[in-house]
Amino acid sequence: MAVVGGALPPASATQAAEPQVPVLWDAKERLPKPDLSALPRLRFLTTTDFPPFNFLDGAGRLSGFHIDLARAICAELGVVEKCQVQALPWNELEDALQKGEGEAIIAGIAATPESREKYTFSRSYMQFPARFIMPKAKAFAEPILDKLRSKRVGVVAGSAHEKMLRDYFKAVQVVTFDTPEGLYADLKAGKVDAAFGDGMRFSFWLGGSDAAGCCRFAGGPYLAPEYLGSGMAIATRKSDTALAAAFDYALQEISIKGTFAEFYLRYFPVSFF
């Protein structure tokens with residue numbers, strides 16, 4: 001398990017005093033700039049029902065993190081005039097891509113062994129760490145492992161986060177909940193000392209009215225692909241390996257130049273890293 005801002009054996013760890021913008025690219029690695037001058041069109045396929053990644057705004061315009069990211073990719077690749085973004089129902093995306101109605105899907109398709117049989121993926125541009133949240137007055141900083149010993153930690157039953165919590169934090173008292181809402185209610189009421197789960201979902205709750213400013217992240221973000229997957233990537237047709245590599249170049253440039261950080265802070269004002 002890769003730990004960012006945490007200290008869980010046996011993984012290596014790097015300290016992060018506060019949640020921060022994720023950096024998933026090595027700036028020392030220089031990817032070759034692709035030549036897409038012969039590409040007649042670059043159409044990204046997405047959906048409208050996955051806020052804040054893709055949604056219709058108040059004026060009915062397609063908006064969101066994925067939309068801004070697709071346009072920034074086109075700019076880095078020098079194909080702005082050929083760039084299009086089209087929204088379709090989720091269950092139509094794969095068929096549309098295979099029929100050549102688009103060149104790529106940017107809609108949160110998980111890169112799994114099964115999906116890799118159908119698509120070629122870019123490298124991951126977003127990952128979803130596990131996080132602890134606690135009442136503000138009691139929130140721990142790293143190192144957190146010993147501080148959580150014997151504490152009651154809530155988690156959604158049957159989730160990957162429950163398995164991860166039991167495997168890596170054996171000294172805590174695990175309290176399971178059927179729903180996130182039940183978990184949040186007991187955290188606010190002081191019936192559990194902490195909650196463990198998906199950092200992104202926690203960030204939305206922490207920034208919303210239901211939390212009422214009660215709580216904050218405790219410790220650092222934990223990246224564990226074997227439990228939580230490898231994050232979001234852009235999917236192309238299986239044969240379009242060159243286009244997937246072009247996306248890697250663009251995504252790295254977007255990260256290095258700070259454009260990714262700008263998008264991240266725009267759509268995730270409570271950082272989950």
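This is a predicted model: local features need pLDDT of at least 70, side-chain atom pairs count only at pLDDT 80 or more; totals for chains, interfaces and linings use all residues.
Cys215 has a relative accessible area of 7%. Buried means under 20%, so Cys215 counts as buried. I then checked Cys214, where the relative accessible area is 22%.

I looked at the sulfur atoms next. Those of Cys214 and Cys215 lie 2.4 Å apart, and I noted a disulfide. The cut-off for a disulfide is within 2.5 Å. I read -100° about the S-S bond of Cys214 and Cys215, a left-handed link.

**Cys74 and Cys83.** I found another disulfide between Cys74 and Cys83. Their sulfur atoms are 2.1 Å apart. Here I read 65° about the S-S bond, which makes the link right-handed. I checked burial too: Cys74 and Cys83 are both buried.

**Tally.** I count two disulfides by this rule. I numbered the bonded cysteines along the chain and got the pattern 1-2, 3-4.

**Helix α8.** I moved on to α8, residues 259-267. Which residues of α8 are buried? I listed Phe260, Phe263, Tyr264 and Tyr267. I then looked down the axis of α8: the buried residues fall within an arc of 100°, so they line one face of the helix.

What covers the buried residues of α8? I found β5 (54-56), α1 (65-77) and α7 (241-256) among the elements that do.

Conventions:
Residues are numbered from 1 along each chain as its sequence is written. Side-chain values use heavy atoms; hydrogens and water are left out. Buried means under 20% relative accessible area, exposed over 50%, partly exposed in between (1.4 Å probe, protein chains only). Helices (H or I, at least four residues) and strands (E, at least two) are DSSP runs, numbered from the N terminus. The arc is that of the directions from the helix axis to the C-beta atoms. Contact means heavy atoms within 4.5 Å.
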